[in-house]
Amino acid sequence: MDLVSLIAFAFPVGLTACGLVGTAMEMAGGRRLAFVEPYVSPRHVLRSLAAVAVGGPFMLMNDALAARRARRISLGLLVSCGCTALAWALALGVTVLSGLLRASGIA
């Protein structure tokens with residue numbers, strides 16, 4: 001595969017991983033996904049890091065959309081958060097694909 005094909009494949013992989021983990025976390029926590037308890041806690045640092053690493057793009061967008069609705073951030077900042085979440089999902093997809101390829105012995 002060429003580089004463009006890999007990137008085009010890695011992005012939906014990252015969105016899928018983020019969506020699956022985010023939905024499972026929302027179901028288990030009973031609250032909307034955000035950078036607050038029960039998802040992010042100073043008492044459980046490793047669990048919080050894992051949750052943010054995988055579910056972070058949706059956490060970021062949920063918090064940014066809530067802040068925009070409350071008029072705490074501008075439209076430009078909301079767009080910036082969206083671009084960051086897209087790049088984060090792409091990075092997550094590259095990481096997941098890299099791990100899968102290494103585990104299968106292909107790479």
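## Contacts around Ala-67

Contact here means that heavy atoms lie within 4.5 Å of each other. In this predicted model, Ala-67 touches Arg-72 and Ile-73, when residues up to four places away in sequence are not counted.

## Overall make-up

The chain holds three helices and zero strands, so that, read from the N terminus, its elements follow the order α-α-α. Its C-alpha atoms fill a box of roughly 45 × 35 × 20 Å along the principal axes, and buried residues account for 30% of the 107 residues.

The accessible surface of the chain comes to about 6,700 Å², with 72% of that area belonging to carbon and sulfur atoms. Among contacts between residues at least 6 apart in sequence, 56% join residues at least 24 apart.

## Nonpolar cores

The largest nonpolar core consists of seven residues, namely Leu-60, Ala-64, Ala-67, Ile-73, Leu-78, Cys-81 and Ala-85. Helix H2 (45–69) and helix H3 (75–104) each supply at least two residues of this core. Apart from it lies another core, made of six residues, including Met-25, Leu-33, Tyr-39 and Val-52.

## Where H1 meets H2

The axes of helix H1 (residues 3–29) and H2 come within 8 Å and cross at roughly 85°, which means that H1 is roughly perpendicular to H2. On the H1 side the contact involves Leu-15, Ala-17, Cys-18, Gly-19, Val-21, Met-25 and Glu-26, while H2 contributes Ala-51, Val-54, Gly-55, Pro-57, Phe-58, Met-59 and Asn-62. Sorted by class, the contact of H1 with H2 has 10 nonpolar, three polar and one charged residues.

Definitions and conventions
Residues are numbered from 1 along each chain as its sequence is written. This is a predicted model: local features need pLDDT of at least 70, side-chain atom pairs count only at pLDDT 80 or more; totals for chains, interfaces and linings use all residues. Side-chain values use heavy atoms; hydrogens and water are left out. A nonpolar core is a set of buried Ala, Val, Leu, Ile, Met, Phe, Trp, Tyr and Cys residues joined through side-chain atoms within 4.5 Å. Buried means under 20% relative accessible area, exposed over 50%, partly exposed in between (1.4 Å probe, protein chains only). Helices (H or I, at least four residues) and strands (E, at least two) are DSSP runs, numbered from the N terminus. Axes are lines fitted to C-alpha atoms, for helices over the stretch in contact, and angles run from 0 to 180 degrees between N-to-C directions. Angles under 35 degrees count as roughly parallel, over 145 as roughly antiparallel, 65 to 115 as roughly perpendicular and the rest as oblique. Ala, Val, Leu, Ile, Met, Phe, Trp, Tyr, Cys and Pro count as nonpolar, Asp, Glu, Lys and Arg as charged, and the others, Gly among them, as polar. Accessible areas come from the Shrake-Rupley method with a 1.4 Å probe; for residues, only the protein chains shown count as cover.
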